[in-house]
Structures are given as C-alpha cells and as structure tokens.
Amino acid sequence: GWLPGSGHGAVVLTRASLARTDPDHPALLVALHALAEGVHARLLVGLRHEAGLIYSLSVSDGIGAIPDLLTIAIPSRASQLSQTSQLAEHILSTFAANGITAAEHRAAARALEHQAAAQTPQQALLRSMEAIRHGWPLDHHQQTADAAHSLTTEQINDFIGAFFAPEAVVL
C-alpha cells in the first residue's frame, strides 16, 4: 500500500500464523529466520543488498498462544512499490519451492538457542511471566529451540512448501 503524501508505502505479506504451542511452530521460526529475520534472510538480501529497493523489513508473528496473523511488512518508496512487490513475490515463491539449506537451518537453530538463553535476570523474569500468562511451560523458549534443532532440514522444507505456498500467502 501507499502512504499518501509521504512518498513511501509498504508491501505486506500476510497469512494466518500458528499458535506458539503448535507442533509446527519451531519449523515456522526457522523458516522466518531464513526468509525475513536473519542477517542473510532471503528477502533482505534480495530486496536490499542486491536490488537496493528497501532499507529494512519487519516481521510480526501474531501475539500470544492463539493463532494470529503472520505479517511481513516491507517499506519502500512509493515509486518502487510495484518492483518491490514483484521481487518479493518471486523470492517468496522460490523460497516455497526450494526451501532452505542445511546451513540456513543450523543458523536459524543457533539464533533460536541464543534467544532462548536469558542473558539477564530481567529477561529471565520477563520470559517466565510470558510463559505463565499464556499457560506455557516455563522452559517453553528452550523447548522451541530444542525442537528447531531436532527437526531435519527436509521436515522444515516440507513445512515451508505448504505454509509459504503462493496460494497460502496474501501479497
């Protein structure tokens, strides 16, 4: 969409997300890391580093334990929205068709492990409060990181092919 008067807009990819307790949620987190969140994320590399169309992007994976909306917002200049949208659609369809590499799987699993490790007492308290609020086990984040490690790249790619199929995502 375009933001009138600003000269900027955003391409937004959306689809229904998964509950944090869904058995496929760890695969989703690995996929999101490879697609939109990691330093070498496919959308960031393709749209920013290679094409120079964007400065950043943001991912919102719903809120809480109830399935919500997964949103990837890609801000761009209004004059480049069409080009940004076409390239994002191409990157997403390639991602759905080909999945991730074993190296991307390992990098995403390491990132989830790092996120699960509470670095400060305040972070540990916040994670515990979040788990209690949603009825999750206190070690929910660690369980998710462990599950991401235990999945095979093939299992994640099967998930990606179905979850990110072009007909499942609204652009």
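**Basis.** I worked with a predicted model in which local features need pLDDT of at least 70 and side-chain atom pairs count only at pLDDT 80 or more, while totals for chains, interfaces and linings use all residues. Residues are numbered from 1 along each chain as its sequence is written, and side-chain values use heavy atoms, with hydrogens and water left out.

**Salt bridges.** I looked for a side-chain nitrogen of Lys or Arg within 4 Å of a carboxyl oxygen of Asp or Glu. The count came to two salt bridges.

I noted R20 with D61, whose closest N and O atoms are 3.9 Å apart. R20 lies in the loop between strand 2 and helix 1 (25-37) and D61 in strand 3 (residues 58-61), so the pair ties together parts 41 residues apart in sequence. For helices (H or I, at least four residues) and strands (E, at least two), I used DSSP runs, numbered from the N terminus.

I then checked accessibility, where buried means under 20% relative accessible area, exposed over 50%, and partly exposed in between (1.4 Å probe, protein chains only). R20 is buried at 18%, and D61 is buried at 11%.

I found E104 paired with R42, the closest N and O atoms being 2.7 Å apart. E104 belongs to helix 4 (residues 102-116) and R42 to helix 2 (residues 42-50), so this pair joins parts 62 residues apart in sequence. E104 is buried at 18% relative accessibility, whereas R42 is partly exposed at 22%.
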